[in-house]
Amino acid sequence: MTHRADPPVAERRRPRVLIVDDSAVARAALSRFISGSGRFDLAGALPDAQRALAFLHREPVDFILLDLVMPHQSGIDALPELLKAGAGARVLVVSSSAAEGAAVTMRALALGAADTLVKPSIGAFASRFGETLLARLDLLAAHGDERPLPRRATIMTPPPFDAIAIGASTGGIHALASLLEQVPVTMTQPIFVTQHLPPSFSPYFAAQVGVVARRPSAIAHERRRVVDGEVLIAPGDAHLLATAQADGQVATRLSQAPSPTGNLPSVDPMFTSLAQTYGARLLAIVLTGMGRDGLDGARAVRAAGGTIVVQDRDSSVVWGMPGAVAQAGLADAVLTPREIGAMIAARRMGARG
């Protein structure tokens, strides 16, 4: 009796990439990087969103490299349709308008783009840009090899909590919005958020979170008192911590101490600090993101008796951060962002008990 061996790595199906860019020069350069990588297959290179949509209805792809500034229909306007037609394909925005801190970049991430990359000027598509592009795709592709974890039963009513801590990275902006949309405006517990973003993105992110959450949202500052019902966001260049005051109030602290994962800001110190401050009445949430940031902090939350919920694999852009916590057996529930928000809403609205 013979057994059929697994195909060697080189023979496994390579991720398919679709390029959508109105510049013929950019399409040619991006196509060259993809085709020459040996790790990805070029599915197509199209000049506008409408042709891309027609293509996606015929053929599956794993990644879409999307320009934002195009005639007829901009990439940002077409993004929701492309995500729907792509049926799970992840979008990497490659656009000259995706400069660091640009409001359009925040909008693209909020709409569901997995990541953004600034496209160089025409004639400057050097090999270094190609290496960066492929590295980004490699990171996004890596989570496709993760083994799924069975879903846990939905916690319809979580244990009482006095604060919520949320950590996220790649894909987290969209996931966070989906979660916060379900949280009632009458909920008075403060929400602490660490999202991996450059410092210049923070003002756009805070403003967007405030609109979605329908509550005050601000970037955390040193020794600022925590106000009921507000969202406090880690600045892009410091960890968000908290400490109890002599009068029983809680104040934020900032730190730039190295974290185990190398992230700044990092979810681990936030979770650890809030676990020390709120103890068993902390609800910690880990959303989509690369790496393992949040795992050590989740252990601190568990040791303090707090509750831990993570995003499920199917709805995550990258199941690295939530997957690490789930695989370690620390998650009380594995849910979609909307389900997590509904779970929070199930707690007596506006109550702390």
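I took strands (E, at least two residues) and helices (H or I, at least four residues) as DSSP runs, numbered from the N terminus, and I counted two strands as paired if DSSP finds at least two bridges between them. The model is predicted: local features need pLDDT of at least 70, side-chain atom pairs count only at pLDDT 80 or more, and totals for chains, interfaces and linings use all residues. Residues are numbered from 1 along each chain as its sequence is written, and side-chain values use heavy atoms, with hydrogens and water left out.

Sheet. I found five strands in an open sheet, ordered β2-β1-β3-β4-β5, with parallel pairing. I noted five bridges between β1 (residues 16–20) and β2; I19 has A45 of β2 as its bridge partner.

Site. I looked up "active site" in UniProt: the unreviewed entry lists S169, H196 and D293. They are spread over 125 residues of sequence, yet the largest C-alpha distance is 9.9 Å. Such annotations may be inferred rather than shown by experiment; positions are in the numbering used here, and feature names are shortened.

Is D293 buried or exposed? D293 is buried, at 0% relative accessible area (buried is under 20%, exposed over 50%, partly exposed in between; 1.4 Å probe, protein chains only). I placed D293 in the loop between β12 (282–286) and α9 (295–303). H196 sits in the loop between β7 (191–195) and α7 (202–213).
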